[in-house]
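Here's a quick briefing to read alongside the coordinates.

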Amino acid sequence: MANELMNTMLNRLKTDFSVSDISERKPALTTLKVARENAERLIRELRDREGFTHLSFITCIDYIEDGIFTLVYMLHNHDRNDTLGVEVDISRDNAEMTSIHTLWAQAWTYQRELREMFGINFPGSPRLEEDFCLEGWDDIPPMRREFDTKKYSSEQFGHREGRHSEQPREHMKVTLYPTRGGDE
Amino acid sequence: MSKQQNKEVALKNDGLSEEEKLYFSDARPRPYEPYSIKAVEDFANWARANSLWILAFGTGCCSIELRPLMTARFDISRFGVAGRPTPRQSSLFIIGGYVSVKTLKRIIRSYEQMQGPKFIIALGSCPANGGMYFDSYNTINQFDLYLPVDMYITGCMPRPEALLSSILELQEDIKAGNCDGANRYVNNLDWYKTNQKKVIKNWDMPDYNW
């Protein structure tokens, strides 16, 4: 029943918003991909017409090999207990996206975080330039994959002498189960 | 010697604007001088050791261990230790786990506002050497670069028994007059401030939070 409703809706969205890559990740979680210029219109439609009234979160995935950020807007429909992930690809070089703080007021918190952690700009979003978690950050945004977090940590905070790391698998083979010769 | 130097130079308070400088003190803290009669100092140390007040400031996940410590099972009040909600009334700061740079700033503010004699226990692996966050862009790796530590408890995370035993040990140290962390901080204030300002990039508070 729920699936039929979902399929009808998705078919309509395909024609109206040129939605692509629809995939059912698991029961009650579907993701779809939409072009950047249609995204805000689509999300507004989902909220106002289709009952996806709850914005669970906004997050971002860094596909550095393809040169894109994928923004994921996770929307939830409480009546049908259905979740829909709207994925939007934006360019990594000039990372900018339409702000949706007019749809959900809490969205600006996510957008502020995304700007700080990934350097994505959301023009018009309130308090975007303020520090969120990182105060006085002066490097490239830390969640971008070209950021070398270990190097930064060594330079900024240093390491105490005498600390060393073991690979758990190797360590257990040598110290805990030497007679087994590393067999599973 | 260093005490004399400290008295001469006032703090610069560079992080504050000209207007704000009027509202904050630029005086340097002074080291604690023990009583001249040893018996009196010993008595004072005995009293301090038996009325430790923990600042209720949980900085990371290890501070979860402070909750069972105060309730019926482990019951820290057997040893004359209890929690206080404000730095002005507490004498023991337990750094509960990893310290992010943003938290470090608040820790420094709180620590400096505590009245002496004051002690720091660093709980867990993270303040000691970074622990599992050793490569994080946002957590410090050696806490004793920024504030003086009287005792480390390692573990991820340590059990409340470890905390109990460390508090007993700290009490013995205090009674013996060995816990001079606050004096080390005052005497080496410039070194500590250099380290603190290296990681806290937006230093917008006075150099010493009286």
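Leaving aside residues up to four places away in sequence, A:Asn121 touches A:Ala95, A:Glu96 and A:Arg115. Keep in mind that this is a predicted model.

**Around A:Asn121**
- A:Asn121 sits in the loop of chain A that runs between helix H3 (107-118) and helix H4 (149-157).

**Chain A overall**
- Chain A has five helices and five strands, and along the sequence they come in the order α-β-β-α-β-β-β-α-α-α.
- How spread out is chain A? Its radius of gyration is 22 Å, while the globule rule gives 16 Å for 184 residues, so chain A is more spread out than a compact globule.
- The C-alpha trace of chain A spans about 60 × 45 × 30 Å along its principal axes.
- Buried residues account for 21% of the 184 residues in chain A.
- Take the contacts in chain A between residues at least 6 apart in sequence: 50% of them join residues at least 24 apart.

- As background, most residues other than glycine have a negative phi, and most peptide bonds are trans.
- A:Ala28 has a positive phi, near 65°, without being a glycine. You'll find A:Ala28 in the chain A loop between strand E1 (20-26) and strand E2 (29-34), and it counts as partly exposed because it has 16 C-beta neighbours inside 10 Å.
- B:Asn13 isn't a glycine either, and its phi is positive at about 55°. B:Asn13 belongs to the loop between helix H1 (2-8) and helix H2 (18-21) of chain B; with 17 C-beta neighbours inside 10 Å, B:Asn13 is partly exposed.
- B:Gly116 and B:Pro117 are joined by a cis peptide bond, with omega about -5°. B:Pro117 is in the loop between helix H5 (101-113) and strand E4 (119-123) of chain B.
- Another cis peptide bond links B:Cys156 and B:Met157, with omega about -10°. B:Met157 is in the loop between strand E5 (151-153) and H7 of chain B.

**Helix pair in chain B**
- Two packed helices are described by the angle between their axes and the distance between the axes.
- In chain B, helix H3 (residues 38-49) and helix H7 (residues 160-175) have axes that come within 8 Å and cross at roughly 165°. With angles over 145 degrees counted as roughly antiparallel, that is what H3(B) is to H7(B).
- The crossing of H3(B) and H7(B) is right-handed.
- H3(B) brings B:Asn45, B:Trp46, B:Arg48 and B:Ala49 to the contact, and H7(B) brings B:Gln171, B:Ile174 and B:Lys175. The residues of this contact split into three nonpolar, two polar and two charged.

**Where the chains meet**
- How many residues does the contact take from each chain? It takes 16 residues from chain A and 16 residues from chain B.
- On the side of chain B that touches chain A, the residues divide into six nonpolar, seven polar and three charged.

How values were computed:
Residues are numbered from 1 along each chain as its sequence is written. Chains are lettered from A and ligands numbered from 1 in the order in which they are written. This is a predicted model: local features need pLDDT of at least 70, side-chain atom pairs count only at pLDDT 80 or more; totals for chains, interfaces and linings use all residues. Two residues are in contact if their C-beta atoms, placed from the backbone, lie within 7 Å. Ala, Val, Leu, Ile, Met, Phe, Trp, Tyr, Cys and Pro count as nonpolar, Asp, Glu, Lys and Arg as charged, and the others, Gly among them, as polar. Axes are lines fitted to C-alpha atoms, for helices over the stretch in contact, and angles run from 0 to 180 degrees between N-to-C directions. Helices (H or I, at least four residues) and strands (E, at least two) are DSSP runs, numbered from the N terminus. Angles under 35 degrees count as roughly parallel, over 145 as roughly antiparallel, 65 to 115 as roughly perpendicular and the rest as oblique. A crossing is left-handed if the near helix is turned anticlockwise from the far one by less than a right angle, and right-handed if clockwise. The radius of gyration is taken over C-alpha atoms; the globule rule is 2.2 Å times the number of residues to the power 0.38. A residue is buried if 20 or more other C-beta atoms lie within 10 Å of its own, exposed if 12 or fewer, and partly exposed in between; C-beta atoms are placed from the backbone.
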